[in-house]
Amino acid sequence: MKKNKWLVLLLMTVLLLIISACQSENSSSAGGDSSNYPNKDVNGIIQWGEGGATDNISRTLAPLAEEELGGSIVMQNRAGASGAIGAQYVYDQPSDGYTLLFGAENPNLYQTLGISERDYLNDFVPITIIGQSYAGIVVKADSEYETLEDLVEASKNNPGELVMGTSGEGGLPHVAASMLKSELGTDFNMVPYDGDGPLATALLGEEIDTTVLAVSAAQEYVESGDFRMLAIINNEPLESFPDTPLITDVYPEFDKYLPWGPFQGVFAHKDTPEDVVEKLVTSFEAAQENEEFQNTLSNLGVNPLNINGDEAIEYLEQNRSTSTWMLYDAGETDTSPEEFDIPRVE
């Protein structure tokens, strides 16, 4: 009998040791000890294709963040479905801080557009909002449309004939086109591509008549003489494009939407351990203080923000409210933002 009791005790002890070891391993792999994080490569998932604003800014920042973090960040593009494929991929990975989403504004619109269940404010934690870009309406340099008024009138007089390249539902061109439609009655034939880079290629190849790009993505093409920027969707001039008309110079009614524009940021899964989030936040915050990086953002026409925590959440809420209600008011979605408790911003 005693022998059986000792055997039971022995088995229980072994079982407890195994459970303890598993818990320790899980804690380590989840990044529970920030002093040990990162102990392997961090994967940086860019939700758009190569060559766009998010891609360029993310790949410029990543090496600087590596130095602060003390580990490698391996960048890869996972484009598709207006960035939803990349966002879903990051959400599906272990919440250990080893898979980060380098994204733009699009997930703020997924729910109201029915693209995805994912959402920045419910499913991710902002490590940093890098900066806000501005949108420019562009055509090829030799286009017959020399001004924004030319383009608008052609669209209204030939409904559905002019092709506008988009990055899919909820992408920058889609939201901007909704704004134009709501205020001016334009009617473009919308054709989707996987981000700014493919959109620029399509415009160069005359597959499309026009598109809306982040100023940072369009700049090199404008400076090289390939594109003409008809207007910047803003109500204050940008240093990088001082001579380009503002949309409010031509159509003052757009002032109520502004300032508005795309942004770039870095996000982790919402369940990432707090100490790992803290280390990521600290590392990316310090990386963005690099003078060369600041100059890069300025040259690209990006307003540096470098915000995190409650300030970043407030920024995301404001952007989401503006964009979702803009789409709803333009008739681009039947789902009211109210269904997701998104307040209207006056």
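This is a predicted model: local features need pLDDT of at least 70, side-chain atom pairs count only at pLDDT 80 or more; totals for chains, interfaces and linings use all residues.
Reader: How many residues does helix α7 have, and how far does α7 reach?

Author: Helix α7 covers residues 172–184, which makes 13 residues. From first C-alpha to last, α7 reaches 18 Å. That is close to the 18 Å expected at 1.5 Å a residue.

Reader: Which residues of α7 are buried?

Author: The buried set is L172, P173, H174, V175, A176, A177, S178, M179, L180 and L184. Because 10 of the 13 residues are buried, α7 is largely enclosed by the rest of the structure.

Reader: What describes two packed helices?

Author: Two numbers do: the angle between the axes and the distance between the axes. Here, take α2 (residues 53–69) and α12 (residues 291–299). They pack at about 170°, axes 11 Å apart. Over 145 degrees counts as roughly antiparallel, so α2 and α12 are roughly antiparallel to each other.

Reader: Which residues make that contact between α2 and α12?

Author: From α2 come I57, T60, L61 and L64. From α12 come F293, T296 and L297. By class, the contact has five nonpolar residues, two polar and no charged ones.

Reader: Why do residues three or four places apart point the same way in an α-helix?

Author: Because an α-helix has 3.6 residues a turn.

Reader: Where does V222 lie, and in which helix?

Author: V222 lies in helix α9, residues 215–223. Beyond its neighbours within four places in sequence, V222 is in contact with F227, M229 and F241.

Note on methods: Residues are numbered from 1 along each chain as its sequence is written. Side-chain values use heavy atoms; hydrogens and water are left out. Axes are lines fitted to C-alpha atoms, for helices over the stretch in contact, and angles run from 0 to 180 degrees between N-to-C directions. Helices (H or I, at least four residues) and strands (E, at least two) are DSSP runs, numbered from the N terminus. Angles under 35 degrees count as roughly parallel, over 145 as roughly antiparallel, 65 to 115 as roughly perpendicular and the rest as oblique. Contact means heavy atoms within 4.5 Å. Ala, Val, Leu, Ile, Met, Phe, Trp, Tyr, Cys and Pro count as nonpolar, Asp, Glu, Lys and Arg as charged, and the others, Gly among them, as polar. The expected span of a helix is 1.5 Å times one less than its number of residues. Buried means under 20% relative accessible area, exposed over 50%, partly exposed in between (1.4 Å probe, protein chains only).
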